[in-house]
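Take a moment to look over the model before reading on.

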Amino acid sequence: MSLLFSPYNLGDLTLSNRVVMAPMTRARAETTIPDDLTVLYYQQRASAGLIISEGVPVSLQGRGYLFNPGLYTQEQAEGWKNVTAAVHERGGKIFAQLWHVGRVSHTTLQPNGGAPVSASDKQAANSMAYAYDEDGQAGPIQASKPRALSVDEIKNIKSDFVQAAALAVEAGFDGVEIHGANGYLFEQFINPNVNDRTDEYGGSIQNRIKILLETVDQVSAEIGAAKVGVRISPFGRLFDMAAFEDEAETWVSVASELEKRAIAYVHLSDQLTIGAERMPEGFAKSFRQSYTGTLIAAGGFDRESAEAALESGELDLTAFGRPFISNPDLVERMKHGWPLATPDRATFYGNSGKKGYVDYPLYSPA
């Protein structure tokens, strides 16, 4: 029997297969509250063994893109209740990806027009937020210069993640994924090219990974470690994340620390499909030696490569992103060898209405 389509026990959850729908920003929630189209979008894709939602900002400060549904108000949680109920009705499971973008933001998105926040005041070169330009038009715009967070403000951010996790459980999510990948806030602390702090959150590896681990611990204390996943992107280069000297050692240290915490899973984001470099050859195996829990990876899988990764024991679950955009029935298509539809890149982000969002048809075999 194919491992890809076999059940998998993720803590107390039984996933119907080992296909994960990866988190994908779609920027469709004009009011930041999930609406009927959000419900339909996720319901259509509920045959995935596990859905990880698009990045969900934990606060106004955590936003870097317009039109993302959040999880920092009761109204947003009520909107997500409709999404999770629809997914569960189809037999699916869904985690909320909790997100703070840090410096990859713009003053027009921030409370009172303030500067975005980060580990330091270093601006992300050639990095675009999705915000308002000087004419009030929505679109990609260079991320603003950030300011460095104080230690007290770091405490507030951890509290924002805890509150968002509690709202996620209230909204019916089966768990949460803490977004520590792709050049956003936690990675800005981890990377010493951005983090030039001299306090307890800067300098050594243990200090630089501290905010991520403390957030994991506090969220786990709130909702249970078995409901907490973490996404990271070792050797990631998005949003001006440059290479650094102890990079491999840093990520293996993260693996070792997460191993101690018995969380639901670790999700590796390989950035090849989004225009960056692939993780170094053999790194996943060394990561696996330090972290023995459930391991997911995303990065351009098809059925054959996903099967191979599962058969080798390198991964427990495999995540698919863009194929799910244009193939709401991706699991069925792969299982039966049916052809895959090609997504329309022009409608990936920020378009209103159904086009390119919920209007991709199911496959009908002749």
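Which residues of α3 are buried? The structure is a predicted model, in which local features need pLDDT of at least 70 and side-chain atom pairs count only at pLDDT 80 or more, while totals for chains, interfaces and linings use all residues. Residues are numbered from 1 along each chain as its sequence is written, and side-chain values use heavy atoms, with hydrogens and water left out. The buried residues of α3 are Ile154, Ile157, Lys158, Phe161, Val162, Ala164, Ala165, Leu167 and Ala168. Here buried means under 20% relative accessible area, exposed means over 50%, and partly exposed is in between (1.4 Å probe, protein chains only).

The names of helices and strands need a rule as well. Both are DSSP runs, numbered from the N terminus: helices are H or I with at least four residues, and strands are E with at least two. The cover over the buried residues of α3 includes α2 (74–89), β5 (94–99), β6 (117–118), β10, α4 and α6, where contact means heavy atoms within 4.5 Å. The expected span of a helix is 1.5 Å times one less than its number of residues. The 20 residues of α3 should therefore span 28 Å, and its end C-alpha atoms are 29 Å apart, which agrees. Just after α3, Gly172 has a positive phi of about 100°.

Helix α6 is one of the elements that cover α3, and it can be read in the same way. It runs over residues 210–223, and its 14 residues reach 20 Å from first C-alpha to last, close to the 20 Å expected. Its buried residues are Ile211, Leu212, Leu213, Glu214, Thr215, Val216, Val219, Ser220 and Ile223. Among the elements that cover them are α3 (151–170), β10 (175–179), α4 (185–190), α5 (205–208), β11 (228–232) and α7 (247–260). Just after α6, Gly224 takes a positive phi of about 100°.

Most residues other than glycine have a negative phi. Asn182 has a positive phi of about 60° although it is not a glycine. Asn182 sits in the loop between β10 and α4, and it counts as buried because its relative accessible area is 9%. Phe239, also not a glycine, has a positive phi of about 55°. Phe239 belongs to the loop between β11 and α7, and with a relative accessible area of 19% it is buried.

Is Pro365 buried, partly exposed or exposed? Its relative accessible area is 47%, so Pro365 is partly exposed. Pro365 lies in the segment after α11 (330–336).

Now consider the chain as a whole. The protein chain has 11 helices and 14 strands, and 58% of its 366 residues count as buried. Its C-alpha trace spans about 65 × 50 × 35 Å along the principal axes. The radius of gyration is taken over C-alpha atoms, and the globule rule is 2.2 Å times the number of residues to the power 0.38. A compact globule of 366 residues would have a radius near 21 Å, and the chain has 19 Å, which agrees. Of the contacts between residues at least 6 apart in sequence, 73% join residues at least 24 apart.
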